[in-house]
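Thanks for coming. I will go through one structure today, starting with a sheet and ending with a few backbone details. Please have a look at it first.

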Amino acid sequence: MLMKYLFAKNDEIPAGSATIFFGFSSIFWFVVGTGLGSFNAAKLAFPDWVTGTELFAFGHMRQVHVLAVIIGWISMAFGMTMMYMTPALGNTKLWSEKLGLWTVFLWNIGLSLGLLLLWMGITSGREYNDLIWPIDLVVIFGVLLPLGINVWMTIAHRKTQGIYITNWFFGACIFMVMIVFLVGQSPELFNLTGLTEAYLTFWFAHNVLGLWITPVAAAIAYYTIPKLTGNPLYSHRIGHLHFWAIIVFYSTPASHHLMSAPLPEWLKSFASVEGVLILIPAVAFVANILLTMKGKWTMFVENVETKFSITGVLLAIPLNMQGGFQQTRAINWYVHGTGWIVAHAHLALLGMSSFLEAAAVYFGLQQMLRRKLYSLTLANLHYWFFIVGFCIYWISMTIAGLIQGAGKIYEVPYIDVVVAEHPYMIARWVGGTMVFTGNVVWLFNMWMTAREGTLVPEGRYAHELAYER
Amino acid sequence: MAFRRHKFGSAGIGLMFGFSMCITLFGPSNDFRSGVSTWVGLDKQLSLGRVIGFSYEDPTVSGDGKPITVILNKDPKTGVAIDPPIRAYVYKPGVKFSPGVNHPELLGPGVEDLSMRDGKISSASMSSGAVFTVSKGVFNDEEVDYIENASATRGWTPDKTLRTAGDANSRYVGKGKTIYISEGCWWCHTLLPEQTQDWQMFGQPPFLGDFNGEMPTAFGSDRKAPDILHVAARNSSREWMTMHFFNPRLVQPNSIMPRFDYLWGKQDANGNSIDFAKWRADYSDYLHGKRIYAPEVPEPARDSEVRALIDWILTSLK
């Protein structure tokens, strides 16, 4: 069906097609990404499980997991939300449904190719930037640029007076992440070497997170929570504080990822201070959303999209409290490079960000398919597998990280740390496998929604209808 | 639809984001430029070549087109004994030079001047290959290490140098580091002892000038295994490394490192094909108490990937 629409006239493509293809692609990549995560975790707990072949070696699969989740699941879910939220907020149609479909097509092709090459070990050897530069150029010009053009043009052709905060984020973040990708590629394109390369690697890693993954996730919540609850956003002005503070403060602390490397000391100190200042947008966001919930807290229990969304917002609280302070010199020396950081990274991507996107994908797919969710039971099953699995993962990795930190300062031989961490490695695998299982349930539920969900009448929202299963 | 709002907004975003970029990109780039290469930095870039990881010369990231590090105990041209032995870095014709040779300004003040004046690196040509060494000199009353183009200063040719050293004294360092990258070793091991508390266990943290010309640096961020920047200083046994790579639990029962037996390839050092299935069956018997000793680990072939990997570890990580 995608193939048919790729060469159809723009007007003949039903509105919402791009959203639907983006939505299902993102869930598919979430299943793949978490499945790989679960497999990798099993290898850390039981190193002799599936061994002897290059194809299933941990070192070949770890980066595939990371990028399948970041560029497959999270970024495609962003693409999906942009395809339906941007026009809805501008009271208009998507600028080009056809361009949207081409974007999702190129995205899937490029990502599959890139991950396949990574799996074979064809890598640039730079963390988070592992894709080789030709693939990165596909990401920039085949994926981000068309996505950006669609969003910018839709905003420009809006039929509303103002621009809602979500669209501010969408428009700005696509632009910034393109710049980040381009600058991040410069060591490979221009053969920049040494500390410049090391710094730019983490400059890229930090900014992809700070100018793309977390702010766009927050922007999504600015749409879903008012839409679902019917309450207006508590304060658009606080939303703007969030937006501008992200641009100023989140774009600068890259070097706090390299606190123990021989970087200039002024840069590290500057990054630490700026890193604490990230709490300003973070607190603004959480407060704004939670205050929007006023009078509608029953929906946190009764409505599955609200449940996902608010869980994501609540997870932003520990995320920001950790993130703001763990990068200061006083704390970083203890936790740097340990499982604590792994737990924190999963709190950001699997906790805060993924829950917000899951809510938006649930909501948007029902909206664009014009069908009510197939089964509330399965959705709740997804939610509880997701949150319990995540918590097991997060808590066990935090403990493992603290053990590692202690081992580091008390000069314990490293192998004793490995032995002490073993139970937590098993727990991490159990948690990750639960998340994976939940996602398989989700994919099934969404597939059945598309086929058998009750049709939503014209002029109604899916979440206003009663669940049937 | 001429709203001014998005124009103000776009300008504001450009201004603020641009300001951030100035601080985080232009600011540090000045500091990085002032780093003077140390011996470690020069040794690293000369033994690794232009780039590790995906590149034109090595698109499959398997270690093609990399220089070879040799240990010389006599002069390849005159045959005069060299004591103590020195390292030379052999670039066969067509192998791309390390960044510092093509762009001496990367080496830092002093090192750049001596490498150009005494080291004659600008006369090295890729089409005929070259042999480099690291020499000591004095610049502005300070002792610095610099790159010497031994092909120009001493008449060493790549072929003669490789023949003089022989396979026993050749170290496939560039290929080895490539394997380290493509096999993802750096997802667990780090190459960066931390400045605060890693001294006792993992040794001295690196200096500013230790990285000039290295690409990628691959510090690693998620330490699930020991830091290995100085691992060869703690353990320099090739036998131990060989067993540990084949199956880490042969020498460290609690290790969670994967087995890297597939880096042996199909044949061992004597040209016999390696029967992995039999080895695993024997090892299983050993684990279950049916054998007293674990099966012997095959001796890696000369051109195997694991040989290059161990070469890199034992030569560079000291």
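In what sense do strand 2 of chain B and strand 3 of chain B pair, and over how many bridges? They pair in the antiparallel sense, over 3 bridges. Two strands count as paired if DSSP finds at least two bridges between them. Strands (E, at least two residues) and helices (H or I, at least four) are DSSP runs, numbered from the N terminus.

Before I go on, this is a predicted model, where local features need pLDDT of at least 70 and side-chain atom pairs count only at pLDDT 80 or more, while totals for chains, interfaces and linings use all residues. Residues are numbered from 1 along each chain as its sequence is written, and chains are lettered from A and ligands numbered from 1 in the order in which they are written.

Back to the sheet. It is open, with 5 strands of chain B in the order 4-3-2-1-5 and antiparallel pairing. Strand 4 (142-149) and strand 5 (170-171) of chain B are the edge strands, each pairing on one side only. B:Tyr89 stands opposite B:Phe132, which is in strand 3 of chain B. Helix 2 of chain B, residues 39-48, packs on this sheet and touches strand 1 (68-74), strand 2, strand 3 and strand 4 of chain B. Its direction makes about 165 degrees with that of strand 3 of chain B; axes are lines fitted to C-alpha atoms, for helices over the stretch in contact, and angles run from 0 to 180 degrees between N-to-C directions. Contact means C-beta atoms, placed from the backbone, within 7 Å.

Now the backbone details. Most residues other than glycine have a negative phi, and most peptide bonds are trans. A cis peptide bond joins B:Asp83 and B:Pro84, with omega about 0 degrees, and B:Pro84 is found in strand 2 (residues 81-91) of chain B. Another cis peptide bond joins B:Met215 and B:Pro216, with omega about -5 degrees. B:Pro216 lies in the loop between helix 8 (199-202) and helix 9 (231-234) of chain B.

Last, positive phi. A:Glu411, not a glycine, has a phi of about 55 degrees, and sits in the loop between helix 15 (376-409) and helix 16 (414-452) of chain A. A:Glu411 is exposed, with 11 other C-beta atoms within 10 Å. The cut-offs within 10 Å are 20 or more other C-beta atoms for buried, 12 or fewer for exposed, and partly exposed in between, with C-beta atoms placed from the backbone.

Definitions and conventions:
Contact = placed C-beta atoms within 7 Å.
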